[in-house]
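I am opening a notebook page for this protein and want to set down what I looked up, with the cut-offs behind each term.

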Amino acid sequence: MNSYYNIIENKRKSYERIFYLINLLQNSFEKRAGAHFNTSKISLQKYKVLAELAYTNDGQGLNQIELGKRLLTTPANVTKIIDSLYADKFITRVQNKDNRRENIIRITHLGFDLLEELHPEYDRISEEFTDLLPEPKRKLLIETLRAWVTALEKLPKS
């Protein structure tokens, strides 16, 4: 682990260490996966949008607000990514018949084909990354994170 973490480990409160480590893992993974996507047809962020559209809601699409929430990004970033994917014909925008102010974003066949082309390498990187943690600890981590998510879902919506 990097020396910065070692220096401040004992000075941090447990919740600070938890979020610091989560961010450290996320940044490390995105750097590794991002390096692969820098040489591909789309960025890692665009890949994540295509994956979210393909594998959420039975591929029926999402509105931009929901997509942004799921990807934990700003509305401006979602708009920029969607505009680019739309220009490349990887997604469509269809006006919601129940709410004319809302567009439903759907992945196209071309977008799905690209996702399928890029997924094996993303999957390999993900497996390589998680294989660094022994299997019993992975199972424990999954159980712990599930319990945390379940508890969070019970909190009042803000």
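**Ground rules.** I am working with a predicted model, in which local features need pLDDT of at least 70 and side-chain atom pairs count only at pLDDT 80 or more, while totals for chains, interfaces and linings use all residues. Residues are numbered from 1 along each chain as its sequence is written, and side-chain values use heavy atoms, with hydrogens and water left out.

**Overall layout.** I looked up the secondary structure and found 7 helices and 3 strands, where helices (H or I, at least four residues) and strands (E, at least two) are DSSP runs numbered from the N terminus. Along the sequence the pattern reads α-α-α-β-α-α-β-β-α-α. The C-alpha atoms fill a box of roughly 55 × 40 × 30 Å along the principal axes. Of the 158 residues, 29% count as buried; here buried means under 20% relative accessible area, exposed over 50%, and partly exposed in between, with a 1.4 Å probe and protein chains only.

**H2 against H6.** I took the axes as lines fitted to C-alpha atoms, for helices over the stretch in contact, with angles running from 0 to 180 degrees between N-to-C directions. The axes of helix H2 (residues 14-37) and H6 come within 10 Å and cross at roughly 145°. For contacts (heavy atoms within 4.5 Å), I noted that residues of H2 including Leu25, Phe29, Arg32 and Phe37 meet residues of H6 including Leu118, Glu121, Tyr122 and Phe129. By class, the contact of H2 with H6 has 8 nonpolar, 3 polar and 3 charged residues, counting Ala, Val, Leu, Ile, Met, Phe, Trp, Tyr, Cys and Pro as nonpolar, Asp, Glu, Lys and Arg as charged, and the others, Gly among them, as polar.

**The sheet.** The 3 strands form an open sheet in the order S1-S3-S2 with antiparallel pairing, two strands being paired if DSSP finds at least two bridges between them. The edge strands are S1 (62-63) and S2 (91-96), each of which pairs on one side only. S1 and S3 pair over 2 bridges, and Asn63 stands opposite Ile104 in S3. Helix H3 packs on the sheet, touching S1, S2 and S3, and its direction makes about 100° with that of S3.

**Charged pairs.** My search of the whole structure gave 10 salt bridges, each a side-chain nitrogen of Lys or Arg within 4 Å of a carboxyl oxygen of Asp or Glu. One of them joins Glu30 and Lys48 at 2.2 Å, N to O; Glu30 is in helix H2 and Lys48 in helix H3 (residues 44-55), 18 residues apart. Glu30 is partly exposed at 26% relative accessible area, whereas Lys48 counts as buried at 18%. Arg138 forms salt bridges with Asp131, at 3.2 Å between the closest N and O atoms, and with Glu135, at 3.2 Å, N to O. Glu135 and Arg138 both lie in helix H7 (residues 135-153), 3 residues apart, about one turn of the helix. I also noted a network of salt bridges linking Arg32, Glu121, Arg124 and Glu128.

**Thr108.** Where does Thr108 lie? I find Thr108 in the loop between strand S3 (99-107) and helix H6 (109-130). Thr108 is buried, with a relative accessible area of 17%. Leaving aside neighbours within four places in sequence, Thr108 is in contact with Lys89, Phe90, Ile91 and Thr92.
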